[in-house]
Amino acid sequence: MSTSPTPEPDRTIADCRPADVTPVTLEAPTLESTAPGYLRDLKRDLTEDGLLPAELTVDACFDEDCSLATQEEIDRVRAYVRAGAFLGVGTVTLEIDDIADPEKVRPALAACAERAEREGLALELDGAISLDS
């Protein structure tokens, strides 16, 4: 049993005031870096322009049947999950093209999804795999 209070989004939203911002989707290749300093400046610039980063899309490829290659790609994705959390996006969407061995990739993606959830993000998969067996 958790001692943390369960969030009540309906109640929170009911007390909100509308903001004049435009939600935008960022694409991972357009980010120059995932370093906190760069992301801080980017977030400030977007805010000054009335833009709100709502989603980050990342192209992912698992076309090698190699545990090391899979780990390298997941580490890259995890860096973007951290970047998304830093920027305040609600969703990181993985656009996955090729998968050599879905059974090798699925646990790594599940762990990444758990990490995203801990960061307060949703990790969505768009492509040839789902987290369900």
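1. Buried means under 20% relative accessible area, exposed over 50%, and partly exposed in between, with a 1.4 Å probe and protein chains only. By that cut-off, helix 3 has these buried residues: Ala69, Thr70, Glu73, Ile74, Val77, Arg78, Ala79, Tyr80, Val81, Ala83, Gly84 and Leu87. Helices (H or I, at least four residues) and strands (E, at least two) are DSSP runs, numbered from the N terminus.

2. On provenance: this is a predicted model, where local features need pLDDT of at least 70 and side-chain atom pairs count only at pLDDT 80 or more, while totals for chains, interfaces and linings use all residues. Residues are numbered from 1 along each chain as its sequence is written, and side-chain values use heavy atoms, leaving out hydrogens and water.

3. Helix 3 has 21 residues, which should span 30 Å at 1.5 Å a residue; the expected span is 1.5 Å times one less than the number of residues. Its end C-alpha atoms are 30 Å apart, which agrees. Its buried residues pack against strand 1, helix 2, strand 2, strand 3 (91–99), helix 4 (102–118) and strand 4 (122–127). Contact here means heavy atoms within 4.5 Å. Just after helix 3, Gly88 has a positive phi of about 90°.

4. Which of its residues are buried? Leu39, Leu42 and Leu46 are. Seen down the axis of helix 2, its buried residues fall within an arc of 60°, so they line one face; the arc is that of the directions from the helix axis to the C-beta atoms. An α-helix has 3.6 residues a turn, so residues three or four places apart point the same way.

5. The buried residues of helix 2 pack against strand 1 (22–27), strand 2 (51–62) and helix 3 (67–87). The face turned away from the buried side carries exposed Thr47 and Glu48. Gly50 follows helix 2, with a positive phi near 75°.

6. Thr93 sits in strand 3. It counts as buried, at 6% relative accessibility. Its side chain makes a polar contact with the side chain of Glu55 (2.5 Å). Leaving aside neighbours within four places in sequence, Thr93 is in contact with Glu55, Leu56, Thr57, Val58, Glu124 and Asp126. A polar contact is a pair of N or O atoms within 3.5 Å; within protein, one must be able to donate a hydrogen and the other to accept it, and residues adjacent in sequence count only if both atoms are side-chain atoms.
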